[in-house]
Amino acid sequence: MSLSVHIKRKLGNFTLRIDLEYEGGILGILGASGCGKSMTLKSIAGIEKPDEGRIVLNGRVLFDSEKRINLKPQERNVGYLFQNYALFPNMTAEKNILCGLSREKDRTARQKKLEDVIEAMEIQKFRKKYPHQLSGGQQQRVALARMLVSGPELLLLDEPFSALDAYLREQLQTQVRHILQKFGKDVILVSHNRDEVYYLCCDVAVMDNGKLLKLARTKKLFADPGSRAAAILTGCKNIAGARKAGEYEVDVPEWGICLKTAQPVRDDLCAVGLRAHYFNPKSRENLFPVVYLARREEPFEVRMMFRYAGQQEGTPDLWWRIPKDRRPQQMPKMLGIAPQNVLLLYPE
Amino acid sequence: MDWYPLWNSVRIAAASCVIVFFAGIAAAYYVAKLPRVLKGLLDVIFTLPMVLPPTVCGYFLLILLGPRRPLGMFLARYGIQFAMTWYGGIAASAVVAFPLMYRTARGAFESFDLSLAYSGQTLGLSNTYIFWRIRMPACRQGILAGVVLAFARALGEYGATSMLIGYVPGRTATISTTVYQLWRTNDEAGAFRWVMVNLVISAVILLTVNMLESKNRKAGGT
């Protein structure tokens with residue numbers, strides 16, 4: 001697959017600017033709510049019209065503002081899974097799936113495809129039921145089946161798990177991952193949930209304020225987010241402004257410390273990030289005195305709020321997350337962090 | 001007793017109800033898509049018959065369709081005359097009942113979850129299919145309510161009807177014009193009979209609506 005999206009669209013108080021080239025696989029777009037993720041998907045599907053730009057899928061021009069091309073959603077051959085699954089309430093699961101087969105004109109072929117997908121997705125038990133009689137997970141399966149039978153070249157999943165509670169969400173993520181592997185389709189998944197993206201996607205692009213920041217392999221992006229927005233979205237809790245102090249050294253005035261790094265520091269460094277999990281009292285480097293302020297207990301972890309001894313007034317507290325079974329008897333007076341765990345953040 | 005007014009009222013109400021059904025839905029559907037200024041303007045025009053006295057609607061209809069007006073003369077060439085004919089009542093009732101259908105249908109369409117229509121489009125369903133098989137069923141409660149309101153309003157229409165088609169026994173007489181005529185001519189018993197007929201019809205309509213609603217609820221329709 002090849003997808004090329006270069007679009008602009010004015011949206012209330014900011015402008016959506018998307019420049020994306022994608023080869024195929026499962027791409028996650030990670031962004032806070034209201035940053036324009038859904039609008040991006042809707043523009044690709046043809047539900048929303050960008051102000052200007054060009055969208056090309058597998059050599060087919062779907063949208064080109066200069067040449068005045070704007071294919072209808074019906075002609076784009078792109079599947080869209082809505083957050084609420086958008087099953088037609090007046091039709092049974094089976095009828096809903098048949099709606100995805102409207103392009104198939106041959107009766108027997110249509111019936112065959114229907115039976116195949118019902119079997120592959122294990123819908124037999126509730127094929128005659130109406131959407132409101134189905135659980136969230138069953139609804140999602142029907143919606144996926146309905147989309148998959150229509151034979152799309154690209155699947156767009158818009159926050160597919162946000163309508164579910166936490167327990168079901170994890171089960172369904174496993175299920176969806178399995179289905180996506182089975183059908184081998186190219187996917188763009190939009191989400192604000194980093195766990196979901198980390199688990200399901202091979203590549204991630206971070207989106208902030210209507211702009212697509214960086215596309216990278218998922219693991220690489222989480223290991224080295226590279227910008228403040230990406231660090232926040234990948235779950236980094238402790239971020240402060242910083243400047244280069246040496247080849248492998250950064251000065252963090254807000255925290256009143258100087259950190260050693262494993263990577264060479266570029267001149268345009270603007271901030272550093274320390275993940276809450278990576279603090280280590282036994283570390284030999286970047287060891288600084290701390291003051292503990294509060295403790296928040298969670299089922300399996302403890303979150304300690306602390307400040308560096310020389311930290312500036314009015315700056316936010318830092319977090320240290322410790323698994324409960326590894327919590328020390330006495331809280332250490334010094335906390336360190338390995339140089340390779342100091343995230344170097346640059347302007348976007 | 002001459003039952004002609006009942007028959008005439010019902011056929012006028014039924015015919016105008018059919019017209020108003022399609023016109024109201026089309027107006028509601030297209031007005032919702034218009035830019036805001038035009039939308040506000042058309043909304044006022046379409047709702048006006050609801051707030052104007054029906055006699056004023058009748059006045060406008062006479063100006064438009066009267067036998068000595070351009071449109072009336074043009075239609076007369078084809079043997080169509082709205083003034084003083086029974087089917088003129090359809091025009092009068094339709095105009096007065098239209099806003100009820102238009103407004104309830106618009107309310108129903110506005111609460112319709114657009115993601116249903118969008119997902120239908122990405123699945124390759126035609127817009128016509130999506131409209132009749134997905135949007136309309138999803139909005140059927142509101143649309144049904146609009147139809148009933150419009151029918152009831154058309155059945156009870158007096159002002160515009162009497163302006164446009166008057167009262168000719170056996171030709172243009174409807175239930176409401178008959179009640180007035182009988183009362184005016186001191187036939188209190190006759191007026192009472194027609195009042196009772198009217199009460200029975202209204203009660204039947206309301207009962208039907210209630211039954212339909214509870215049936216929908218049992219079927220689990222949303």
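Let's start with strand β17 of chain A, residues 288-297: of its ten residues, the number buried is one, so the strand lies largely in the open. Please keep in mind that what we have on the screen is a predicted model.

So who are the partners of this strand? On one hand there is strand β18 of chain A, residues 301-308, which runs antiparallel to β17(A) and is joined to it by seven bridges. If you want a place to look, find Arg295(A), which stands opposite Met304(A) in β18(A). Between β17(A) and β18(A) there are three residues, and the two strands form a hairpin.

The other partner to look at is strand β20 of chain A, residues 334-335. β20(A) pairs with β17(A) over two bridges, again in the antiparallel sense. Here the landmark is Pro289(A), with Met334(A) of β20(A) opposite.

Now let's zoom out to the whole of chain A. Its secondary structure comes to nine helices and 21 strands. Its C-alpha atoms fill a box of roughly 75 × 50 × 30 Å along the principal axes. Of the 348 residues in chain A, 41% are buried. And how do the contacts run along the sequence? Taking the contacts in chain A between residues at least 6 apart in sequence, 64% join residues at least 24 apart.

Next, chain B, and how it meets chain A. Here 15 residues of chain B are in contact with 21 residues of chain A. On the chain B side, the elements giving two or more residues are α6 (114-122) and α7 (127-138). The largest share, seven residues, comes from α6(B). By class, that side of chain B has seven nonpolar residues, eight polar ones and no charged ones.

Where does it sit? Ala83(B) is found in the loop between α4 (70-76) and α5 (88-110) of chain B. Is Ala83(B) buried or exposed? With 20 other C-beta atoms within 10 Å, Ala83(B) is buried, because the cut-off for buried is 20 or more. Leaving aside neighbours within four places in sequence, Ala83(B) has contacts that include Leu62(B), Leu65(B), Gly72(B), Leu164(B) and Ile165(B).

Thanks, everyone!

Conventions
Residues numbered from 1 in each chain as written. Chains lettered and ligands numbered in written order. Predicted model: local features only at pLDDT ≥ 70, side-chain atom pairs only at ≥ 80, totals over all residues. Buried ≥ 20, exposed ≤ 12 C-beta atoms within 10 Å, placed from the backbone. Helix = DSSP H or I, 4+ residues; strand = E, 2+ residues; numbered from the N terminus. Pairing = 2+ DSSP bridges. Contact = placed C-beta atoms within 7 Å. Nonpolar A, V, L, I, M, F, W, Y, C, P; charged D, E, K, R; others polar.
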